[in-house]
Amino acid sequence: ASSVSCASVENPSLNFLFKVYISDLYIRKGPGTNYGTNGFCPKGVYTIVEVKTGAGSDAGWGKLKSGAGWISLDYATRI
């Protein structure tokens, strides 16, 4: 039941698909290089649910739908 309530809250129009084109993009714990890292994001296509501005990225930071953290959109292109 909890997954149903979460899905109903989420706004599908806020989801964007981004393709990461470098193999060792850091996943950050928050939207900026001033946050710690949480592993790497390999090349591939990811769903971004929120975009914020933050230190270290001209294009902004995208929040991964998986909940793993935030990636710099300088190294990804929207598809």
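Helices (H or I, at least four residues) and strands (E, at least two) are DSSP runs, numbered from the N terminus. This is a predicted model: local features need pLDDT of at least 70, side-chain atom pairs count only at pLDDT 80 or more, and totals for chains, interfaces and linings use all residues. Residues are numbered from 1 along each chain as its sequence is written, and side-chain values use heavy atoms, with hydrogens and water left out.

**Overall layout**

**Core**
- Of the 79 residues in the protein chain, 28% are buried; that means under 20% relative accessible area, while exposed means over 50% and partly exposed lies in between (1.4 Å probe, protein chains only).
- The largest nonpolar core has eleven residues, including F16, F18, V20 and I71.
- Such a core is a set of buried Ala, Val, Leu, Ile, Met, Phe, Trp, Tyr and Cys residues joined through side-chain atoms within 4.5 Å.
- Strand 1 gives this core its largest share, three residues.

**Contacts**

**Surface**
- The protein chain exposes about 4900 Å², and carbon and sulfur atoms supply 54% of that area; accessible areas come from the Shrake-Rupley method with a 1.4 Å probe, and for residues only the protein chains shown count as cover.
- L17 lies in strand 1 (residues 16-20).
- L17 counts as partly exposed because its relative accessibility is 41%.
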